[in-house]
Amino acid sequence: MSSNAPNPTEPAPLSRETMPDRRGEVLTGAQIIWEVLLREGVDVVFGYPGGAIMPAYDAMIQYPIRHVLVRHEQGASHMADGYARASGQVGVCVATSGPGATNLVTGIATAMLDSSPIVCITGQVGANLLGSDAFQEIDITGVTLPITKHNYLVTSVDEIVPVMREAFYIARSGRPGPVLVDICKNAQQESTTFEWSDEPVTLPGYRPVYVPKDDHVAQALELIAKAKRPVILAGQGVVKSGATEALTRFVDASGIPVACTLLGLGGFPASHAQNLGMMGMHGEAWVNTAIQEADLLLAFGMRFDDRVTGNLKTFAPGARKVHVELDPSEINKNVKVDVPIIGDLKKVLELMQPGLTGVERPAWTARIAELKGDSAVRDIQHLPDLGKLYAAHVIHDLWRLTEGRAVVVTDVGQHQMWEAQYYHHDEPRSLITSGGLGTMGFALPAAIGARFAADPGKSVWVVVGDGGFQMTACELTTCVQEDIKVNIAIINNGFLGMVRQWQEFFYGGRYVATPIKSPDFVKLADAHGLKGMRVESRADLAAAVREAEAHPGTVVIDFRVEQEDSVYPMVPAGADLGDMIKRPRRVDGRVAQHNPIFETGEDR
Amino acid sequence: MSDVVKRTFVIFVEDRPGVLNRVTSLFRRRDFNIESLTVSESHEPGVSRITVVCLANEDTAKRIEANVYKLVNVLEVDEITHKPRIERCLALIKVRADRAARAELIQLCEMFRASVVDVAPESLTIEAVGAPGKIQGLLTVLEPFGIEEMVQSGAIAMTRGSVPKAERRRPVREIQVA
């Protein structure tokens, strides 16, 4: 190898292929951590060094694993999460003990609520100091107990291999989730013979796989055959299980329309004729009404979140319910179901496929078409350009200009809902968003993580509000130092928009603590040596998006949108799903309110 | 819900540090209310046995079971509320007893198959074992004498009869790797 090296003074770059097999050698715990990561297929980790994790960092340079230095550990856990969501593989973050570990917490909880497989490695004080309130000691396994799928405290070097293998196995198997491994400094410094076996991990009490019961599957098929007004509710389980094709076949054979949850978007192509769109609090009126009028709901890999069901007492009162779910603890948690099918969604759909019979339901199809006609899509395209910029414009045009092929990572709030409504996702893993925990500050770091996993031919767009962006804007510097290219669309309305909207609707219009100032985002980009642009009218939008796409580095676009715009329709929290605040309508040819994003019958 | 009753769960867990904390933390964060909890060794090395009694309806009971199963260190969960079972608590009761009252108290103890384990000039300490209802019954009759102190264990429980072979816990569960 060395004799072929072009320049003997410069060592050849490390690569998986040229790594020596060090099984049987005596290695330090620090080295063993990287040996395990390499064998678990890890190419990139997101982290921040510190005292208790220094031995691991010192050994890192011997291994062909990319390290991304974050600016705050919360960014590291979001990046690992973004990587996991974009790839379906386990994302890894690294932090030191104490504050390093506690800073990961928000990202871990985000991953937990959205079942994202990440492994968090934290340094811990030496085992002899545990419990002594030593410098930077915190009981992080205690802290993260309720927000991890499982966690471990490693006190000696011999535990590192088995514990880390279990951690990866638990994170990615069954219903995925975050696993934290807290490794004492002494365990990193001690040495032992490195042993590795490719035998599968066995845990006596862990049951990630469930086999669906035949009679439940038969009952579901019977309900499907008899249903007159069925709707499929497609959740993130479709994406996690890789069931997009299986679901498409199922829909094509059964003719049943599909409503998607926020995290289910992309799991079933938006352009499919049977895709109704998003359901729930900001779902389209016809979708929610169809669910309320359905006589059969097929819940596929979704968990009846309160943002999806509205008032549980009045949720789809006339519908029988079939729930296909991998996690038995989700059955009957929020909504009582008639037929539970516990198992991997893709396998269940494949199991059901031969039993499907094409049933014509002309009355139901006509009813849904009627509902759509009544409160159809916003007519963005034909909207007169009044010189104002609406967030809906930005998202809609972004969708058109990127041909719907970008990986979009959103933050949380109004822009997130507009993204879900106006960017039509045809592919799984093309929308990355914090659904369950609703974590502001998620977008930029998650996008950085996603950039490492996404198809290099696809652009990664961050869609973020002015509030959320400021929570983790420090990661702009990470983009610079690590040479990462993402496009950032700040939907800047000068408010914490969703809270402002609630204040307008439910709190008498008292805008308490929601007007928010921002730095000059163009100058901020400039200060980082990044490209910054400002867009204040729709006419300038396309040029800016194209310029951002063409620019080699990270770009920040400050979209100055209408300040007091609201997301419609809206089911107020706890209200009946069919009870929506709809968009302002045209009355006698004129818009009833100032908002021009009115309802029309014209399609996009 | 009308079918809220006291339910008894037997949980087998790996005997490792922190496992009890994982189980109780789960009950707390899912808002399941624990009436009593006992934990000890089981017949099997490396396996601890937890008996949890909590108020729950049928649906909640199923979700308790499913949630406890999700814990990696949990080997087996069995709700035995509706199975023929033996359920026992242990109580120590210190009751005021001068010389006049002593004989009557000893007689009461015999009726409850409780025993006097400590005698002092002004008090007796009674040890009682039985189903939770029996302990409650004993406490009611002792009340007039004046209870100075009482301590009670949570319930431990076991199903009656021999365990059918199909339901017998395998020492180490083999799991399929996906």
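1. The crossing of helix 16 and helix 23, both in chain A, is right-handed. Keep in mind as you look that this is a predicted model.

2. Helix 16 of chain A covers residues 391-401 and helix 23 of chain A covers residues 541-550; they pack with axes 10 Å apart, at an angle of about 50 degrees. That angle makes helix 16 of chain A oblique to helix 23 of chain A.

3. If you want to find this contact on screen, pick A:H393, A:V394, A:D397, A:L398 and A:L401 on helix 16 of chain A, and A:L541, A:A542, A:V545 and A:R546 on helix 23 of chain A. Sorted by class, the residues in this contact are 6 nonpolar, 1 polar and 2 charged.

4. Now for helix 1 (residues 29-39) and helix 7 (residues 160-172) of chain A: their axes come within 10 Å and cross at roughly 30 degrees. An angle under 35 degrees counts as roughly parallel, so helix 1 of chain A is roughly parallel to helix 7 of chain A. Helix 1 of chain A passes helix 7 of chain A in a right-handed crossing.

5. Helix 1 of chain A brings A:G29, A:I32, A:I33 and A:V36 to that contact, while helix 7 of chain A brings A:I160, A:V161, A:M164 and A:R165.

6. Lastly, the two chains: 19 residues of chain A are in contact with 21 residues of chain B. On the chain A side, that comes to 11 nonpolar, 6 polar and 2 charged residues.

Notes
Residues are numbered from 1 along each chain as its sequence is written. Chains are lettered from A and ligands numbered from 1 in the order in which they are written. This is a predicted model: local features need pLDDT of at least 70, side-chain atom pairs count only at pLDDT 80 or more; totals for chains, interfaces and linings use all residues. Axes are lines fitted to C-alpha atoms, for helices over the stretch in contact, and angles run from 0 to 180 degrees between N-to-C directions. Helices (H or I, at least four residues) and strands (E, at least two) are DSSP runs, numbered from the N terminus. Angles under 35 degrees count as roughly parallel, over 145 as roughly antiparallel, 65 to 115 as roughly perpendicular and the rest as oblique. A crossing is left-handed if the near helix is turned anticlockwise from the far one by less than a right angle, and right-handed if clockwise. Two residues are in contact if their C-beta atoms, placed from the backbone, lie within 7 Å. Ala, Val, Leu, Ile, Met, Phe, Trp, Tyr, Cys and Pro count as nonpolar, Asp, Glu, Lys and Arg as charged, and the others, Gly among them, as polar.
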